[in-house]
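Morning, everyone. Please look at the model on the screen while I talk.

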Amino acid sequence: MTKFIDLTLNGISTGAVYAAVALALVLIWRATRIVNFAQGGMFMVTTFIASSVISASGSYWLGFAVALVCGLVLGAIVERLLMRRVESGPPLNAVIVALGLLILLEALAGMIWGNTPRSFPPAFSIRGYDIGGTHVLFSPNDTFTVLVVIGVALVLRVLFQGTALGLQMRAAAFQPEIARMLGVRVSRMFTLGWALAAFVGSLAGLLIAPSVFLGPNQFDPILIFGFTAAVLGGLDHPLGAAVGGVLLGLTLSYVSGYEGASLVTLAALVVLIVVLMVRPGGLFSSTLERRV
Amino acid sequence: MRATSHKARAVGALCALVVALAAAGCGSSSSSSAPGVSSTSITFGTHQPLTGPAAPGYSEIAAASQAFFSYLDAQGGIYGRKVNLIIKNDEYNPTQTVNVTHQLVLSENVFGIFEGLGTPTHTKVVGFLNSEKVPDMFVASGCACWDNGSAQPYTFGWQPNYTIEGKILGQYIKQHFAGKKVGVFYQDDDFGTGGLTGIRYEVPASQIVSTQPYQPGVTNVAPQITALKSAGAEVLVDFTVPIYTALGQLTSFTLGYKPQLVVSNVGIDPTTVGGLLKTFSKGKAGTELIEGAVTDGYLPSSTETSNPWIALFKKVHNSYDSSAPFDGNVEYGMANAYTLAQALQLAGKNPTRQGLVNAVNEKGSKLSGPGLVPFRYSSTVHGGYSGVELGQIRNGKIVLFGGPLVTEPTAGSPITPYTGTQPAPPASGVSVP
Amino acid sequence: MSSMRSRLRASTGTLARSLGLVLLAGVVLFVASELLDSYDELQLANGAYYFAVLAGLTVLTGLSGQISLGHGALMMVGAYTVALLVGNEQWALVPALLAAVVITALVGILVGAAATRLRGPYLAGATLAFAIGLPALADRFPATFGGENGLVINPPTPPSSLGASFPLERWEAWIACAGALIVLFLANNLLHSGIGRSFRAVRDDEIAASLCGLHVGRVQTLAFVVSAACAGLAGGLLTVVLQLAAPGAFEVGLSLALLTAIVLGGLGSLVGAIWGAAVLVLLPGWTNDIAHSFSLSTRVSANLPLAIYGLVLIVAMLAWPSGIQGGVRRIIGPLRRRPAGG
């Protein structure tokens, strides 16, 4: 029984990490209809910046804030300079550009900070809560991660479903021409979308780095699982991303604990296929397809 | 009309590709008599993971070897020849390993391959190198696969076989932690399973309560560590690479789980592991979490500055490779380079590929240098170092104790102390028997 | 039914043109293989099996409009099939390659059937999960599949009729090029046939296509099967040329590189697949040479090739949105339209 509880707690804490990445991907998708592989490269860079700031200043929260601001700026710059040129073309071109940007960012990070992974501080203690004399597999830092993820998911839901700004962003993504005619500043919405997505991504990076270390390639497996979680929950639904992340985390944790680590990636595949066969738009998708 | 131009375009593209290919390959001359060697230089090639998830730490090794060769070259090299090392990045991808090895042998015409890194990578080129009769010197891996002088006469191992290490660590556990429950956390490949085999040869089966393999690439190891804690393991054996030693320690810290650690020399370098755990150790060296861990070594500890070999390597490091921190990986690269230089010295003034191989077969077991134990080399055995000395992390440094022990990687063979003394490094060049 | 039959029957004109194309390409490749040195023969062989998988992938993504991030895993199926049959069961080369094609095509039916329900990023996500999940089987059953180390086979020996000193590398290049030429022939026929048109029809407008009598799901699955067969052949050829089948050779990076190559080369065209194969084979070598021509610290020179590669992807997509083939068309087009003597 304790094994099941430990694995469940582990699943929730790792799932929250995947959900954080998934939220950034959902945000980009809703704002621009692009699958952004570069997200992971961008928040890897902002986390490195945070690491340098923390080493230089000694303050974690200063580094935290700097990373978030850098995220906003980096996202806006990438959109203005790069993605703007491919947004109107074939969607695959934007995917390839994003892929190229990811590779470039990882290589640049290796050149600037080196390929050796380094330690990154957590926001709060990682010592598990003491319940009945034993420490459980859930720490104050895990609580922080889960709360942040839930908070961001709720804020995004409110933004997109309940605010005028969110409506403008969705309109700009779905029908840029018509939105322009109705007075929406489409290009500004795209820039805002990228900036916000990079902001959420930076947050994700800060939450991920303590448990997988910080290095140019250290986040790669998390990115893949984050993308899987986003697809699982439905790319249009922030709450779906959160639920998808936790579902994925739980599944992988149970499989690793009861069957062995070698089946983990296969388990991710099975979960995704099972969900997508039943709901091809992800768990939370509500659109019915037109089947002829 | 359109179809013809489509055909023309396709053929045109093909021709362009072929021309580019030929142009890229132009300028490579091949000398069949003694490839890769001239009166002024001898050239080796190596494949290394310089980037990618396997790069951490390992990317320093070849640069350190190159630095040591530069040091020798400054003194005139071996028989007046500079030793060159061409380093190619294979990103730990076996397809890339095959490609760059083909390039090194067929295009760059190297004399031999040196220090090829990795088991899943290097196993893919062993057949090619042996059929082409290219010396495959001192593979950077402790797999038993290199130890086959009869079937693979051109391939030589260097570091101690993982099973040898497992046996010696296992014997220590049997003698000092009798009756305590033992758990093993190991990498799910030759490294981990080889070490586990050695542990099982020595530690009684009733003592081993849980063995948990992990997959490199899956960073969540909490299920495995939790299982080890639940099984009640009081001694935790880690056959892990540094990142996974550190990941295991993070989960142990969360759980408040503090077993006695016994860690393979592959995964214990305090600089690397400490760097990964620094922020959890209140900013100090970062080695608090592994303090007291039992480990082993076949070279003097890289922090033992009073050892003359470490002093020599540090001098070389400062002159030729100062960008990397001086740690176990750098020491590995230099010590392996010293062994290759010794082998070249033994091969004589006019080295041939077969001559180099024969030299190691005949005299390799008598070589002495920075290693604490002798080599296992003969025409049938190509194993490398024959044992290790036990060590412990004290104040963040590896301190060796108890004297070197040697054994064979088989079930019943005894573990015996080695009483030879480590020679001093020569004032210049290399010294051979 | 009769309309389906007429679509299947490729016109003799198309067949003749494909044959001509293949013969011409074959001559070029033969001459090349006589001139290149050993290492470049292997590069040619690598390019040949890359072309095989890219041709199939460009049919799937360009013609049929379905994105796949999992073709590396399909190559893996073909590679392991050949490795097991040739290595363990001592099959001959050609039957083993055929088996690889058939088995991977069967896997393609499964993947394709699942894919018919998915669109866009959901299909991408599912195929990506396939790419990372399938290699896990090699680790789960190490006794059969060799675990992380994978399997090695003996190199294919050239037949004695070619002479005792016939270089092994040239023989490997011939085998791979033969496979590539077969794929070129079949794919070119497909592109200009009724089936090819049905792929395009479904891609452009599923509803209209189904109103015309096309079964959307079956057409899409067929596209997947065709591309899977190509990937299976490519994987089998990879095993023959490199004598290996290991999980590390089929990581996610391969699937992403394949997608990049077809877009970079020019989506939907076989010439684009040739350019894409050239990029995959030649670009790493060029970027490494560039990186090592400056004397930089190890940290920079090790990462520089990847930085250049990423930069090339970005710049190429911005400069040539239709890929290299699109860029070539833009250059050649005006040249051809110029009147003679003008």
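**A strand and a contact side**

B:Asp296 stands opposite B:Leu390 in strand 13 of chain B. Some ground rules. This is a predicted model: local features need pLDDT of at least 70, side-chain atom pairs count only at pLDDT 80 or more, and totals for chains, interfaces and linings use all residues. Residues count from 1 along each chain as its sequence is written, while chains are lettered from A and ligands numbered from 1 in the order in which they are written.

Strands (E, at least two residues) and helices (H or I, at least four) are DSSP runs, numbered from the N terminus. Strands pair if DSSP finds at least two bridges between them.

Strand 13 of chain B pairs with strand 10 (residues 294–297) of chain B, antiparallel, over four bridges. Strand 14 (residues 397–406) of chain B also runs antiparallel to strand 13, with eight bridges. There, B:Gly391 stands opposite B:Leu400. Two residues lie between the strands of this hairpin, and B:Asn395 takes a positive phi near 55°.

Why is strand 13 of chain B largely enclosed by the rest of the structure? Because six of its eight residues, 387–394, are buried. Buried means 20 or more other C-beta atoms within 10 Å of the residue's own, with C-beta atoms placed from the backbone.

Now chain C. Its 43 residues in contact with chain B meet 40 residues there. Contact means C-beta atoms, placed from the backbone, within 7 Å. Helix 2 of chain C gives the most to that side, eight residues.

Methods
Buried ≥ 20, exposed ≤ 12 C-beta atoms within 10 Å, placed from the backbone. Contact = placed C-beta atoms within 7 Å.
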